[in-house]
Amino acid sequence: MSAIGVLGAGTWGMALARMLTNCGHDVTVWSAIPEEIESLSSTRKQKNLPDMVIPIETKFTTSVEDVCRDKDILLFAVPSVFVRSTIRTAVPYILDGQIIVDVAKGIEPDTLYTMTQIIRDELDKVGKNCSLVALSGPTHAEEVAKDIPTTIVSACEDMEVARKVQDIFMNSCLRVYTNPDVQGVELCGAIKNVIALAAGIASGLGYGDNTKAALMTRGMAEMTRLGKAMGCYEQTFSGLAGMGDLIVTATSEHSRNNRCGYLIGQGVKPADAVKQVGMVVEGINALPATLQLAEKYKVSMPITEAVNGIVNEGNEPRKVVVDLMNRDKRSEIGTTINYEHALLQNRRNTGMKRVITYGTYDLLHYGHINLLRRAKALGDYLIVVLSSDEFNWNEKHKKTYFTYEQRKQLLESIRYVDLVIPEENWQQKRSDMHEYHIDTFVMGDDWKGKFDFLKEEGVEVVYLPRTPEISSSQMKKDLHDADGVDGESKVTHDDLDTDPQ
Ligand SMILES: NC(=O)c1ccc[n+]([C@@H]2O[C@H](COP(=O)([O-])OP(=O)(O)OC[C@H]3O[C@@H](n4cnc5c(N)ncnc54)[C@H](O)[C@@H]3O)[C@@H](O)[C@H]2O)c1
């Protein structure tokens, strides 16, 4: 059993408080509004969840000190606009080492901080150190309140903490996945609300499923573009916190963003639409920061701009849709894939030879580059399959200095590396040989014999000797020793330059 303090007694805070109490945890709820606490503790009802009964074991307090004291987890469940004021109120009573889980979804204008970044910012100001987790996914409070099967993502850079939160929140109605990409998960949570507003506006205008599908798909494309530019994982965007939450928010009757958009599409003024919804409409709050991020990272976000035009600049929704439809022609497929496709076509005529190699390529060094140079010399086109961060952590049990995106960017800057793709699991090698039309598979000779089975796929298998006296394990060890830190890698591997770990 864990002791959990819930800060915020709105719809989501109370649905989670009930669930956690029913799972046997010791739950105390605090709200900034004393009358709310009075009403919740006496009626055992939350006004927006009329069918939900709050268990008698759920405790309530109007003291922020009480809600923080002796708690294993502090659950921040206030709307995004109150996250900073709430952490400021709570910070004197928070202890080093407590785990703070945030469920609010938003981005702060001007600072462009996500919710856990705001909390970290306030903790840093007083020199406190807590583990921060973003808990986000396709989760309507109305359904969690009825124990309807639901999934969610526990995101934390420290996977041990992510797993601890997974253990505490997981039950037969809530399945929790972990993800180390906190920023990606939080961006998804904030921006999908903007896209849901767009979907609602389209419905309000009387448009149909085609329009909604278009907005969701192209909306996800622009969210992903921004996330990638910011160094987040692409996979996060196609996962539960991304595509999952977008589907739920853009299609559900419970979604306030969708409902607010619908009213706007019907001609209600945005401010009045928010009032009619009666609860926080996070998509509207997220608009300014999303646009600022798009500008900062030079990413085109036409749907977000269109929604902003309607909500904040008084643009006429029907005209905005016409403008979106009449934008310049585009290809749905990125230029890299077009190039790849053309090369594959060309390969049949020119006899081009394609070479592939696998690795982590953290702390890129001469040994790695020397291997890549020799690999490329075995053919015409070199593909590097680069271990994703999740694969490194979950399967190889090691943490890299640089993220997947950073390692990828470095590899792509090497003249003779033609394509970098992710390695997600141990088993993908056989299918990669076919999908990428590989002629030659190359690894360092520390792997000698281990991949001979790929010859069955009609591939030449080559093991190259290491570059003498270069080892990234040694480099990492030296770095750790210099920092006075224990090695983070859980795996000790006798590193050779050709096992590019
Ligand atoms: N409702 C859901 O299904 C759901 C699901 C996942 C995430 N979320 C996210 O959780 C957050 C909260 O959503 P909600 O649905 O509970 O919103 P809500 O509108 O129900 O929350 C209102 C609550 O905010 C608190 N509050 C009001 N004024 C405050 C103040 N000045 N300072 C501190 N707290 C104050 C009060 O407890 C109030 O009950 C949002 O960011 C939302 O995106 C909601």
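Predicted model: local features only at pLDDT ≥ 70, side-chain atom pairs only at ≥ 80, totals over all residues.
The protein chain is assigned three domains: domain 1 covers residues 3–180, domain 2 covers 184–325 and domain 3 covers 335–483. Between the C-alpha centres of domain 1 and domain 3 the distance is 42 Å.

The ligand is surrounded by 28 residues. Gly10, Trp12, Ala32, Ala104 and Ala141 are the closest of these. Both domain 1 and domain 2 contribute at least three residues to the shell. Among the helices, H1 (11–22) and H4 (83–90) each provide at least two shell residues. The largest share comes from H1, with three residues. Sorted by class, the shell contains 13 nonpolar residues, twelve polar residues and three charged residues.

In soluble globular proteins, nonpolar side chains tend to be buried together. In this model, the largest nonpolar core comprises 129 residues, and Leu75, Phe76, Ile195 and Ala198 have the most contacts inside it. Helix H8, which spans residues 182–204, supplies the largest share of this core, 14 residues. With residues up to four places away in sequence left out, Phe76 is in contact with Leu7, Gly8, Val83, Thr86, Ile100, Val101, Asp102, Val103, Ala104 and Ile119. One of these contacts, Ala104, is also listed among the closest residues to the ligand.

Threonine 304 lies in helix H15, which runs from residue 302 to residue 313. Threonine 304 is classed as buried because 26 other C-beta atoms lie within 10 Å, and the cut-off for this class is 20 or more. Its contacts, again leaving out residues up to four places away in sequence, are Val194, Glu222, Thr290, Leu291 and Ala294. Threonine 304 and threonine 116 are 188 residues apart along the chain, and their C-alpha atoms are separated by 23 Å.

Most residues other than glycine have a negative phi. Lysine 298, although not a glycine, has a positive phi of about 55°. This lysine is placed in the loop between helix H14 (282–296) and H15. Lysine 298 is exposed, because 7 other C-beta atoms lie within 10 Å and the class extends to 12 or fewer.

Histidine 397 also has a positive phi, near 55°. The loop that holds histidine 397 lies between helix H19 (389–394) and helix H20 (404–412). Histidine 397 has 11 C-beta neighbours inside 10 Å and therefore counts as exposed.

Notes: Residues numbered from 1 in each chain as written. Domains from an automatic or database assignment. Near = placed C-beta within 6 Å. Helix = DSSP H or I, 4+ residues; strand = E, 2+ residues; numbered from the N terminus. Nonpolar A, V, L, I, M, F, W, Y, C, P; charged D, E, K, R; others polar. Core = buried A, V, L, I, M, F, W, Y, C linked by C-beta atoms within 7 Å. Contact = placed C-beta atoms within 7 Å.
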